Amino acid sequence: MTFPYTRMRRMRKNDFSRRLMRENRLTADDLIYPMFIIEGENVRETVASMPGIERVSIDLLLKEAQELVDLGIPMVALFPVVSAEKKSLMAEESYNPNGLAQRAVRALKEAFPELGVMTDVALDPFTTHGQDGIIDDSGYVLNDTTIEVLVKQALSHAKAGADVIAPSDMMDGRIGEIREELEAENFTNTMIMAYSAKYASAYYGPFRDAVGSSGNLGKSNKSTYQMDPANSDEAIREVLLDLDEGADMVMVKPGMPYLDLVRRVKHELEVPTFVYQVSGEYAMHMAAFQNGWLDKDSIIMESLLAFKRAGADGILSYFAKDAARILKAQS
Ligand code: PBG
């Protein structure tokens, strides 16, 4: 019997050597916290399929923002929940300068100028049918007509003070059109994070409950514009197009089931790469935590670290606050 000279366990024996050889680290700097906003004052609503996540009115959003700043989280992503009477076929409410998202951005930037604010550019909270764009008589989402509205929406967010505009709609060519408008209107430093490799995923279910679009969407899906989960090369093309059109950052979404794409985008293209650990991933983790099947804190940290290992520069996660709290307690 010959014993090994190379013993991988040697370096693992002590905490100091494990720390020394650690390749990836998660910090609060990596995190973006998605938040759902509703009208009213001192209003908070729970979301059944997302335990622990609430829809909050702007005053409560500001209170929570203080907590996020204290935890060192660099940016929030805002998602408005729009009441039925404000929804329409042409989604006019999406670019209302005094709409919920626009008011929330203004309030946040005024109270916390150092906190990054990112906004969602897509029409699903504002359409009566829950699709991300304007539809024709057959229900097909019209690309170029939709872009005209998205450009207005993006500009209204920039005017409100949004730092990062994040088109999540998957129309072809929208990054270029939005960039052109931002430049023309002198918002030269307003960044764009493109939801580039966004898959037609059933993992978005709880999010659609949270923003109240699932009922309107019914049994229809978004497969005519979001990507086929079977494809990988197509994601690289999507990312390249968005970069060419002026995206500053790109995103892969969902997260854990699509780690291979995070890896490919970061390593093949070497650009700022973000990943969204989406609502369905949050929901299934929470279900296991609540049943005592998985240990909450360890799993949160392990799942987020996996994104870093795959190559993500930043992570949108409903666990951002929990993770930042855990990191703070460890330091
Ligand atoms: C809207 C949008 C969605 C998400 C972010 N922006 C849902 C969708 O495309 O249906 C999903 C986020 C999540 O599931 O957490 N365009």
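The structure is a predicted model, in which local features need pLDDT of at least 70, side-chain atom pairs count only at pLDDT 80 or more, and totals for chains, interfaces and linings use all residues. Residues are numbered from 1 along each chain as its sequence is written.

Strand β1 covers residues 31-38, the strands being DSSP runs of E with at least two residues and the helices runs of H or I with at least four, numbered from the N terminus. Eight of the eight residues of β1 are buried, so the strand is largely enclosed by the rest of the structure; here a residue is buried if 20 or more other C-beta atoms lie within 10 Å of its own, exposed if 12 or fewer, and partly exposed in between, with C-beta atoms placed from the backbone. In a regular strand the side chains alternate between the two faces of the sheet. In β1, Leu31, Tyr33, Met35 and Ile37 point one way, while Ile32, Pro34, Phe36 and Ile38 point the other way, and all are buried.

The neighbours of β1 can be taken in turn, two strands being paired if DSSP finds at least two bridges between them. With strand β4 (residues 75-80), β1 runs parallel and is joined by six bridges, Phe36 standing opposite Phe79 of β4. Strand β3 (residues 54-57) also pairs with β1 in the parallel sense, over three bridges, and in β3 it is Arg55 that stands opposite Phe36. Strand β10 (residues 314-317) pairs with β1 over two bridges, again in the parallel sense, with Leu316 of β10 opposite Ile32.

From β4 the pairing continues to β5, the two strands running parallel and being joined by four bridges, and the bridge partner of Val76 in β5 is Val117. Strand β5 (residues 116-121) is mostly covered, five of its six residues being buried.

Turning to the helices, α8 (residues 233-244) and α9 (residues 259-269) pack at an angle of about 50°, with their axes 10 Å apart; axes are lines fitted to C-alpha atoms, for helices over the stretch in contact, and angles run from 0 to 180 degrees between N-to-C directions. The two helices are therefore oblique to each other, since angles under 35 degrees count as roughly parallel, over 145 as roughly antiparallel, 65 to 115 as roughly perpendicular and the rest as oblique. Their contact is made by Ala235, Ile236 and Val239 of α8 together with Leu261, Arg264, Val265, Glu268 and Leu269 of α9, residues being in contact if their C-beta atoms, placed from the backbone, lie within 7 Å.

Conventions: Two residues are in contact if their C-beta atoms, placed from the backbone, lie within 7 Å.
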